[in-house]
Amino acid sequence: MSGSTSGQGNPLRYHSRIRQSGTERQPETHPLTWRLRDDGEVVWLGEYLDKDGYQSVRRALAESDPQGIITVVKDANVRGRGGAGFSAGVKWSLTLQGGDMPRGYLICNADEMEPGTFKDRLLMEQQPHLLIEGMILGARANNARQGYIFLRGEYVEAARVLNRAIDEAREAGWLGPDIDGSGFDFDIAVHTGAGRYICGEETALINALEGKRANPRAKPPFPGQSGAWGRPTVVNNVETLCNIPAVILHGADWYQNLSGNRTGDGGTKLYGVSGPVAEPGLWELPMGVTGAELLDRAGGLQQGRRLKTWLPGGTSTGFLLPEHLELPLDFDSIANVGSRLGTGLMMAVPEDRGMVSLMRNLEEFFARESCGWCTPCRDGLPWVVKLLRDLEKGQGQAGDIELLDKLAADCGPGLTFCALAPGAAMPLETALRHFRQEFEQGIGKVSGDTRGVPDRVAADAPANNR
Amino acid sequence: MMATTPHTTELIGSDRFELHPDDEAAILREKEHYEQPQAACIEALKIVQRRHGWVPDGAIMAVGRLLGLGFAAVDGVATFYSLIFRQPVGRHVILVCDSSSCFLTGYETLKQALVEKLGVDYGATTADGRFTLLPVCCLGACDGAPALMIDGETFGPVTPEDLSDLLEGYE
């Protein structure tokens, strides 16, 4: 997509921004964002180098072997920021390398499409070199010879910025052959997508990168054993990779201490809030701040509205109640109450919004974005949408809610190739659990079987995809 | 996406198509980034679309011939991805974010205002060929919700009252 110029200078033009000023964002406490400029302009190479840029690469290539990098990242317990929270160091330790093993690929998952998530965009649009620096370290640790940034097609600005930054880095010798005189070679290309949420699933992403339909692959083999074109491949989220340079430079203990005694997870997190709040936005905060602290940053709900429920990190996480705001926003605390931290960007739902309508909107998304590979997802999610549409209109029938319970269970973990259906099931299951009465109110206003033969739900899909 | 390109409708229902030499060169350059030529397929379709506004049948075959792929493989890809258009679209494409943050901040009102203003719903193009209206996954602009994208530029928050001024800039 090439941009037109019609919207340039238009005050409605969207600009990504961090809501903390430069005085709050310090190198010792804000490793992800301290270099960002208050004016929101891009930090290009010159400024990045002035702000200690690429020092972690210089050190790691001179002093560490791949195992040394992996050990530090593992000790720091950097958990994946794309939503799953899997230890990056453990993932890296499972990548096949050495001996006769061919050098493989490091892929940055920049397909940010989880509803309610807008963090990776900021890192790529305003500070591209931190991601490049993190990718070089990841490549060294995993013996990757080529990196790809798999960027969603709609992130036009990020593509422009990243491509220019890659050129800058290559010209300065931070990419290409013999990086910084170390003998290590690595380069990066940007691959832009053409839509479809499923591309964010790591094996579907690899298929998309190879120029195929983005259906997920069976695991095992895991990408670290056999990924892109059959070679060892590592897929990491943008924010995860952006954490690595500071870990290498300051060490695992420093990283662990960033979160104080709030949580066992170390580091900081790019948290955010969206929905009808006073000041939606993004903040880099210690891992494990509470939901209440985060919501305070956003000024609470808009005047006259009260919080009914919230999603901690995207629509594939489970609904939580206001009482859960006191919990630390870390992976384990949120998992313990039946949800997931996900991407860590909170979505606030006010009391005046009905859960049935919200669930209908949310499941329309998942039904439309199902790639069609597995039956529970392809056929189950449109069925869920149909039931929710009926309940929304007061045309639900006895047994519909039990059917939704069953569909949520049938779309749960382990029954499909990938996590899309379980991601659609978790908000459904938690909404039915916490707000069952609202669903029950949609039943019984119409008697008899008015439904006939179920039709496929188009879910507002564009005609050219059907 | 296709702001400066003509609305190429004469290629409907025709296999006749020749890749523009610049596009062919761009696709071959793209191929160099990957181990296998198939990986350039999606970008090739986007390159065609940038010039023509959409991807006609003949272009599927031309891309297949250039990359050594079967036509079914190319069309399978072209019909999978929502931002590849297999039928003509307007001179400008409006993508309305319909995900949950925008739902909670009123995208449905905004979308209804757009439908009334343009006289077309999702998947359709205005009679003058100016705009095509489509839904899109979360645009990642949730602190600016409700958001929409026109020709690759993101706007938000957008209210129904903003629409007249916003759309005026697109001929």
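**Close-ups of a two-chain predicted model**

View 1. Residues are numbered from 1 along each chain as its sequence is written, and chains are lettered from A and ligands numbered from 1 in the order in which they are written. L131(A) is also one of the residues that touch the most other members of the largest nonpolar core, which has 191 residues. Such a core is a set of buried Ala, Val, Leu, Ile, Met, Phe, Trp, Tyr and Cys residues joined through C-beta atoms within 7 Å. A residue is buried if 20 or more other C-beta atoms lie within 10 Å of its own, exposed if 12 or fewer, and partly exposed in between, with C-beta atoms placed from the backbone.

**View 2. Helix α7(A) and what it packs against.** Helices here are DSSP runs of H or I with at least four residues, strands are runs of E with at least two, and both are numbered from the N terminus. At 1.5 Å a residue, the 16 residues of α7(A) (156-171) should span 22 Å, and the end C-alpha atoms are 23 Å apart, which agrees; the expected span is 1.5 Å times one less than the number of residues. Buried residues of α7(A) include V156(A), L162(A) and I166(A). The buried residues of this helix pack against α1, α5, α6, β2 and β3 of chain A. After the helix comes G173(A), with a positive phi near 85 degrees.

**View 3. Strand β1(A) between its partners.** Seven of the seven residues of β1(A) (104-110) are buried. β1(A) pairs with β2(A) in the parallel sense over seven bridges, where two strands pair if DSSP finds at least two bridges between them. Look for Y105(A), whose bridge partner in β2(A) is Q146(A). β1(A) also runs parallel to β4(A) (233-237), joined by five bridges, and there N109(A) is partnered with N237(A).

View 4. An unreviewed UniProt entry lists C97(B), C102(B), C138(B) and C142(B) under "binding site"; positions follow the numbering used here, feature names are shortened, and annotations may be inferred rather than shown by experiment. They span 46 residues in sequence, yet no two of their C-alpha atoms are more than 9.7 Å apart, so they gather at one spot. C97(B) sits in β1(B) (92-97) and is buried, with 30 other C-beta atoms within 10 Å. C142(B), in the loop between β3 and β4 of chain B, counts as buried too, with 31 C-beta neighbours inside 10 Å. Beyond its neighbours within four places in sequence, C142(B) is in contact with S101(B) and, in chain A, with residues including G116(A) and F118(A).

**View 5. The open sheet of chain B.** Five strands line up as β2-β3-β1-β4-β5, with mixed pairing. β2(B) (124-125) and β5(B) (153-155) stand at the edges with a single partner strand each, so one side of each has no neighbour in the sheet. β4(B) and β5(B) run antiparallel, joined by three bridges, and M149(B) stands opposite T154(B).

Key. Predicted model: local features only at pLDDT ≥ 70, side-chain atom pairs only at ≥ 80, totals over all residues. Contact = placed C-beta atoms within 7 Å.
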